[in-house]
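Reader: I am new to reading protein structures, and I would like to go through one slowly. Could you show it to me and then take my questions in turn?

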Amino acid sequence: MRTNMTEFKKGSFCRSTAGHDIGTIYIIVETDSTVKVADGRYKCLENPKIKNPKHLELIDYKDEALAEKFATGRLNNEAIKYSIKNYLINAKKGQEVINV
């Protein structure tokens with residue numbers, strides 16, 4: 001699935017579709033002509049991975065707690081790791097992914 005830049009928003013979840021990190025789940029932390037993503041573990045906020053938008057697939061999932069941290073400027077690597085972990089656990093169970 002190819003998407004245009006207007007769909008990439010800070011705080012959105014995405015999956016890498018190309019490169020050595022194929023299949024990795026990331027959170028979008030910055031957008032311009034490229035997209036900067038972080039997973040809180042290997043690629044942290046201080047040094048996000050730069051990805052070409054056509055090598056990312058957006059995931060239809062929203063984490064309200066993470067969005068609040070983005071808005072207040074209190075986002076940290078632990079919050080990103082927790083959000084991704086919660087998404088993966090619920091997705092693996094085949095349940096609707098909800099984070100309150």
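Author: Let us begin with a definition: a disulfide is a pair of cysteine sulfur atoms within 2.5 Å. Please keep in mind throughout that this is a predicted model.

Reader: With that definition in hand, how many disulfides does the structure hold?

Author: A disulfide is a covalent bond between the sulfur atoms of two cysteines. Cys14 counts as buried at 0% relative accessibility, while Cys44, at 21%, counts as partly exposed. With a pair defined by sulfur atoms within 2.5 Å, the number of disulfides in the structure is zero.

Reader: In what order do the elements of the chain run from the N terminus on?

Author: The chain is built from two helices and five strands. Reading from the N terminus on, the order of these elements is β-β-β-β-β-α-α.

Reader: How are the rings of Phe13 and Tyr87 placed, stacked, tilted or edge-to-face?

Author: A pair of aromatic rings is described by the distance of the centres and the angle of the planes. The structure holds three aromatic pairs, and in one of them the rings of Phe13 and Tyr87 have centres 5.8 Å apart and planes at 45°. Stacked needs planes under 30 degrees apart and edge-to-face needs over 60, so the pair of Phe13 and Tyr87 is tilted.

Reader: How many residues apart in sequence are the parts that Phe13 and Tyr87 tie together?

Author: Phe13 belongs to strand 1, which covers residues 13-16, whereas Tyr87 belongs to helix 2, which covers residues 77-92. Phe13 is buried with a relative accessible area of 0%, and Tyr87 is buried as well, with 10%.

Reader: Which residues do ring pairs link into a cluster?

Author: The rings of Tyr61 and Tyr87 also form a tilted pair, with centres 5.1 Å apart and planes at 50°. Tyr61 lies in the loop between strand 5 and helix 1, so its pair with Tyr87 in helix 2 ties together parts that are 26 residues apart in sequence. Tyr61 is buried, at 8% relative accessibility. The cluster linked by ring pairs consists of Phe13, Tyr61 and Tyr87.

Reader: Turning to charged side chains, how many residues apart in sequence are the parts tied together by Glu57 and Arg15?

Author: Side chains of opposite charge can pair when their charged atoms come close. The structure holds five salt bridges, and one of them joins Glu57 to Arg15, with the closest N and O atoms 3.9 Å apart. Glu57 counts as partly exposed at 26% relative accessibility, and Arg15 counts as partly exposed at 27%. Since Glu57 lies in strand 5 and Arg15 in strand 1, the parts they tie together have a sequence separation of 42 residues.

Reader: Is Glu78, which forms a salt bridge with Lys81, buried or exposed?

Author: The closest N and O atoms of Glu78 and Lys81 are 3.0 Å apart, and the two residues, three apart in helix 2, are separated by about one helical turn. Lys81 counts as partly exposed at 31% relative accessibility. For Glu78 the relative accessibility is 52%, and since the cut-off is over 50%, Glu78 counts as exposed.

How values were computed: Residues numbered from 1 in each chain as written. Predicted model: local features only at pLDDT ≥ 70, side-chain atom pairs only at ≥ 80, totals over all residues. Heavy atoms only, no water. Phe/Tyr/Trp six-rings, centres within 6.5 Å; stacked < 30°, edge-to-face > 60°. Helix = DSSP H or I, 4+ residues; strand = E, 2+ residues; numbered from the N terminus. Buried < 20%, exposed > 50% of the residue type's maximum accessible area, 1.4 Å probe, protein only. Salt bridge = Lys/Arg side-chain N within 4 Å of Asp/Glu carboxyl O.
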